Amino acid sequence: MNAPSTGSGPRAIPDRLEGRWSSLFKSWETLLIAVAIVVFIVNALSSPYFLNAWNLSDATFNFTEKAMIAMAMALLIISGEIDLSVAAIIALASTAMGVALQYGAGTPELVLTGLLVGLLCGAFNGWLVTGLGLPSIVVTIGTMSLFRGIAYIILGDKAFTGYPPGFAWFGQGYVWWVISFELVLFLAIALFFGILLHWTSFGRTVYAIGNNLVGALFSGVRVGRTKFILFLMTGLMSGIAAICLTARLGSTRPSIAFGWELEVVTMVVLGGVSILGGSGGIPGVVIAAVIMGLVTFGFGLANVPGIVMSIFVGLLLITVIGAPMLWQRLKGERSA
Amino acid sequence: MQKLLKSRELLLAAVIVLLLAVIAWRFPGFVRPRNLANVFNDTSILIILALGQMMVILTRCIDLSMAANLALTGMTVAMLNAAMPGIPVPLLIALGILLGAALGAFNGILVWKVEIPPIVVTLGTLTIFRGIIFVMSGGAWINAHQMSAAFKAFPRTPLLGLPVLSWVALFMIALMVVVITRTPLGRAFYAVGGNPTAAVYTGIDVGRTRFAAFTFAGALAGLSGYLWVSRYAVAYVDIAGGFELDIIAACVIGGISIAGGIGSVGGAVLGALFFGVVKNALPVINISPFWQLAISGGAIILAVAFNARAERKKGRLILRNREAAA
Amino acid sequence: MLQQAQPATVNKAQTPANEPVLALSGISKSFPGVRALSGVSLELYPGTVTALVGENGAGKSTLVKILTGIYQPDEGAIRLGGEEVSFPTAYDATQAGITAIHQETVLFDELSVAENIYLGHAPRGRLGLIDRARMNRDASAVLKRIGAAIDPDVRLRDLGIASKHLVAIARALSVEARIVIMDEPTAALSYKEIEELYALVERLKAEGKAILFISHKFDEIFRIADRYTVFRDGECVGAGLISETDHDALVRLMVGRPVGQIFPKRDVEIGQPVLTVSGYNHPTEFADIGFELKHGEILGFYGLVGAGRSELMQALFGVTRPSRGAVRIGGEVAVIRSPAEAIRRGIVYVPEERGRQGAIAGLPIFQNVTLPSLSRTSRRGFLRLAEEFKLARQYTSRLDLRAASLDRDVGTLSGGNQQKVVIAKWLATHPKVIILDEPTKGIDIGSKAAVHEFMSELVAEGLSIIMVSSEIPEVLGMSDRVIVMREGRIAGEYTREGLDAEMLVRAAAGIGGNDANRK
């Protein structure tokens with residue numbers, strides 16, 4: 001650090017004090033990677049079936065659909081909003097595809113239906129939040145009931161089945177060897193959102209809004225438009241997830257993807273995105289998704305029921321958020 | 001008293017009365033006192049939970065773990081009863097309330113001392129509580145035949161024409177009116193949620209107040225745990241699954257602002273009752289019960305939109321000042 | 001130089017007791033990056049009004065917060081009636097008999113007036129429950145005592161800003177206190193209400209209370225205070241009896257140098273109108289606004305807090321929507337619906353609430369600077385960091401920003417440096433009109449001078465500036481023309497020549513001048 005302080009006149013301010021890469025070593029993502037490696041090793045040691053390409057490939061299905069939504073949700077939460085209706089959008093989109101199927105829709109029409117319903121639901125949420133200025137956490141609790149409620153009205157306790165084999169490929173197909181279509185799609189989506197958030201001016205405005213909404217507005221950021229687009233993208237991702245999930249299960253019930261909204265939010269928060277908005281990034285969320293997938297898979301191999309794993313995830317969530325805050329507090333009190 | 005009947009509550013009451021009138025027009029049986037009492041009894045647990053959630057929301061927090069708390073305490077008292085039928089029911093209820101309060105206090109301590117955002121805390125404890133139930137019960141159900149007769153009978157016992165369950169709800173409403181309007185703590189809930197910075201200036205400890213709200217909400221969830229399990233005579237991991245959002249929805253419909261500091265006991269009760277009326281009316285008027293979810297979703301959105309309109313910031317009103325002064 | 005005057009000498013009102021009821025000594029308080037108070041002393045005597053004067057950012061508010069238990073001092077002692085005390089919470093300070101009328105309204109919209117007044121110390125009845133009837137009665141009595149005709153049962157949100165302020169005063173007086181702190185109590189009040197407040201202060205004095213009176217209005221200080229203490233940059237630079245000092249001496253103590261030097265306004269040739277506003281109205285905040293801003297001009301807007309100046313500026317910037325009226329930019333009619341549109345038209349706004357509306361804490365300095373200019377620094381929507389750093393470097397170095405590096409979080413900077421980042425952000429958009437709302441509020445003297453000098457430079461380069469300011473020396477020193485606003489309307493317009501502080505104050509308060517019939 002050589003910033004000579006001359007007596008008068010403007011002095012040069014360096015752009016950066018630390019290299020762009022040096023800060024990486026103490027970042028949240030690094031910690032998450034370490035956790036992922038530990039989980040991987042523990043799993044590999046505890047089960048002989050873990051280190052098998054096909055088993056690992058199967059494990060990816062535990063998280064890919066949720067993680068697709070988590071990518072868009074990460075941006076939404078960074079901007080200071082939240083969408084709790086994503087799982088309900090899956091239910092509604094899946095039901096709509098089932099209805100389309102009854103009218104003889106083929107695979108392209110089914111996919112189109114899923115995407116369209118996702119977009120419409122996202123637009124509705126976006127309109128309620130940005131158009132009417134309502135708080136997203138309550139509004140999306142409302143639309144969550146509304147969207148899934150419509151699915152229930154249409155389906156009741158029945159189910160749609162009999163999706164065409166071509167459609168099933170979206171949820172069960174493999175692109176190459178053990179690499180599933182879902183995994184490739186997820187990676188493409190992650191790449192898209194990573195670039196969008198970190199390398200474009202749109203991403204910059206997302207951070208600005210999340211850190212200080214009024215300040216961003218006063219800086220000429222079109223806050224409403226940006227947030228609307230984010231809700232639209234979250235809806236679209238839910239639609240895509242609905243296509244994959246429906247294709248994978250081969251059936252639609254109104255209870256499909258029940259409770260996923262909380263898992264998606266957990267994934268995002270675990271990935272280092274502040275629930276208060278303003279900070280976090282896509283790489284962390286991707287690693288968090290992988291960790292959650294590996295843990296589920298490992299517990300599955302060890303015959304531990306999924307619900308026990310939820311204790312683990314809940315504790316992880318609280319510890320991971322609480323530990324840094326507690327540490328900072330203790331540090332602050334010691335220095336005071 | 002007139003504070004209780006602010007326009008929001010009046011309007012909601014009017015909506016409920018209108019709803020009842022429409023139903024009565026075709027199905028007069030629905031509004032017979034006996035049936036209305038049934039509807040109230042059916043909504044009692046939701047009312048009790050909404051009162052707890054109201055306190056939390058007033059302090060600008062949210063508790064997503066109430067239903068999981070209910071399930072955990074419910075399972076605990078059910079297992080105790082199944083294992084040791086000798087424990088008297090009042091003691092079990094007290095245990096349930098205490099356990100619920102302890103679980104709520106755990107949320108509260110994380111919000112107060114560790115300063116984790118409430119939504120994250122309760123999202124975590126929601127899954128933890130459910131997981132603990134599974135570990136505790138091994139995934140098994142506690143069925144009616146494993147529970148003692150006294151255990152199941154308490155909420156159903158008629159007393160002056162109403163089941164005890166209804167009386168518990170009525171007592172809780174009365175208690176909450178007193179706590180909210182007549183105790184310093186109740187007023188502190190409003191202060192902390194309405195203007196946390198200013199609350200500090202008036203000597204109110206924001207964190208401690210929130211802790212109190214979470215603990216009380218937990219106690220009410222614990223009480224509801226026993227009531228739920230004994231009323232439905234069954235306990236398993238997923239009881240009241242997804243109910244946490246119904247509780248919040250009841251509060252929102254009742255005009256309690258998610259931003260904190262705005263709301264009333266009357267609103268929470270009416271919000272819950274709205275739910276109860278819709279749920280009980282659907283089968284009567286021959287609409288599939290599958291409509292219920294969509295109707296409550298629509299109601300939440302309308303309620304939020306309406307509340308937001310009423311709450312909208314009025315600005316400084318500089319010009320009106322002048323007119324008032326002149 | 002601390003001129004410690006002897007008590008028990010001549011005094012306007014009555015002879016103060018020899019012993020101070022409250023004595024602070026060696027109080028220091030630091031915040032990350034700022035030393036707000038360093039070793040200050042203060043003594044308050046019963047039946048005496050002590051004026052605490054100092055510029056914004058001198059440490060007055062920090063001292064009030066220490067006295068009321070919001071902050072804990074890092075070092076120093078508080079003695080109450082000779083005994084050393086500490087106030088861990090606001091409650092403890094109230095219990096010790098210290099009450100305060102805070103600058104920010106410390107009130108709750110959803111509670112009733114009576115509840116606001118008695119929150120934390122409500123009268124209790126049976127079972128320890130709040131006795132509502134008695135609370136309302138007591139509240140009526142307190143409100144009556146300060147001459148406010150407000151129903152104690154009404155909800156606070158239904159009151160206007162002046163009434164809310166009266167409730168805040170009633171709240172402070174509802175506790176049995178020995179010491180009353182008034183932090184700019186008259187800032188939002190009308191002429192008549194101010195007179196009533198003065199009468200109240202006299203009554204409190206007569207009751208033997210010790211009063212700490214913080215004010216920026218010199219006429220007020222000389223009218224009601226008995227003693228004074230001056231703070232500058234977190235230090236106590238003088239104290240004594242009001243009767244032994246005068247206006248100029250106080251100002252010298254406050255700013256530490258003669259007044260003329262801090263306002264380096266250069267003469268610039270004034271050109272054609274750039275911005276013309278006519279018939280501008282807002283449903284609740286302002287009415288009948290019309291003015292012109294000329295090329296190379298600094299147009300000052302003076303008025304009391306709550307006169308509608310910020311609201312007017314935010315409407316011009318597209319944040320709020322006016323109900324009627326026309327804005328012309330360079331002769332062309334402009335309808336501005338959003339800040340983005342205002343920026344495109346060349347109007348930018350440096351807000352008063354720097355933390356909330358100006359700087360975006362959490363984002364680095366360079367990202368703050370480039371936020372409105374992203375379309376220029378990015379290519380097809382993709383960020384180009386090198387371009388961003390270049391732009392940020394260019395404008396921050398012009399403003400002599402002091403920071404460790406440009407990728408530092410803007411929230412870690414001092415108020416003055418944050419303000420420089422906000423101004424740099426706007427200059428990077430090449431504006432035609434720059435609106436500065438209280439540009440030097442709460443920033444240190446060094447940065448202040450830099451901001452003033454910079455304003456002169458900008459108009460010399462052909463920009464036009466609207467400066468909203470409540471600091472009379474700043475308004476007088478910097479403006480080519482001054483518009484005074486009162487209660488949402490224009491109360492007068494003055495050119496630089498022959499303008500003095502008294503004219504501004506009169507117009508802003510609605511006494512004499514063009515509004516002589518109003519009393």
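This is a predicted model: local features need pLDDT of at least 70, side-chain atom pairs count only at pLDDT 80 or more; totals for chains, interfaces and linings use all residues.
In soluble globular proteins, nonpolar side chains tend to be buried together.

Chains A and C are in contact with each other, through 27 residues of chain A and 34 residues of chain C. On the side of chain C that touches chain A, at least two residues each come from α10 (339-345), α11 (354-358) and α14 (385-398) of chain C. The composition of this side of chain C is 20 nonpolar, 10 polar and 4 charged residues.

Within chain A, helix α6 covers residues 136-155. The 20 residues of this helix span 28 Å between the first and the last C-alpha, close to the expected 28 Å at 1.5 Å a residue. Helix α6(A) is mostly covered, with 17 of its 20 residues buried. The residue that follows α6(A) is A:G156, which has a positive phi near 60 degrees.

Two further helices of chain A, α8 (residues 181-199) and α9 (residues 201-211), have axes that come within 5 Å and cross at roughly 70 degrees. Because angles of 65 to 115 degrees count as roughly perpendicular, α8(A) and α9(A) are assigned to that class. The contact involves A:L196, A:L197, A:H198 and A:W199 in α8(A), which meet A:F202, A:G203 and A:V206 in α9(A). By class, this contact of α8(A) with α9(A) consists of 5 nonpolar and 2 polar residues, with no charged residues.

The loop between α12 (260-270) and α13 (282-301) of chain A contains A:S274. With residues up to four places away in sequence not counted, A:S274 touches A:S279 and A:G280. The C-alpha atom of A:S274 is separated by 32 Å from that of A:R248, and the two residues are 26 residues apart along the chain.

Definitions and conventions:
Residues are numbered from 1 along each chain as its sequence is written. Chains are lettered from A and ligands numbered from 1 in the order in which they are written. Helices (H or I, at least four residues) and strands (E, at least two) are DSSP runs, numbered from the N terminus. The expected span of a helix is 1.5 Å times one less than its number of residues. A residue is buried if 20 or more other C-beta atoms lie within 10 Å of its own, exposed if 12 or fewer, and partly exposed in between; C-beta atoms are placed from the backbone. Two residues are in contact if their C-beta atoms, placed from the backbone, lie within 7 Å. Ala, Val, Leu, Ile, Met, Phe, Trp, Tyr, Cys and Pro count as nonpolar, Asp, Glu, Lys and Arg as charged, and the others, Gly among them, as polar. Axes are lines fitted to C-alpha atoms, for helices over the stretch in contact, and angles run from 0 to 180 degrees between N-to-C directions. Angles under 35 degrees count as roughly parallel, over 145 as roughly antiparallel, 65 to 115 as roughly perpendicular and the rest as oblique.
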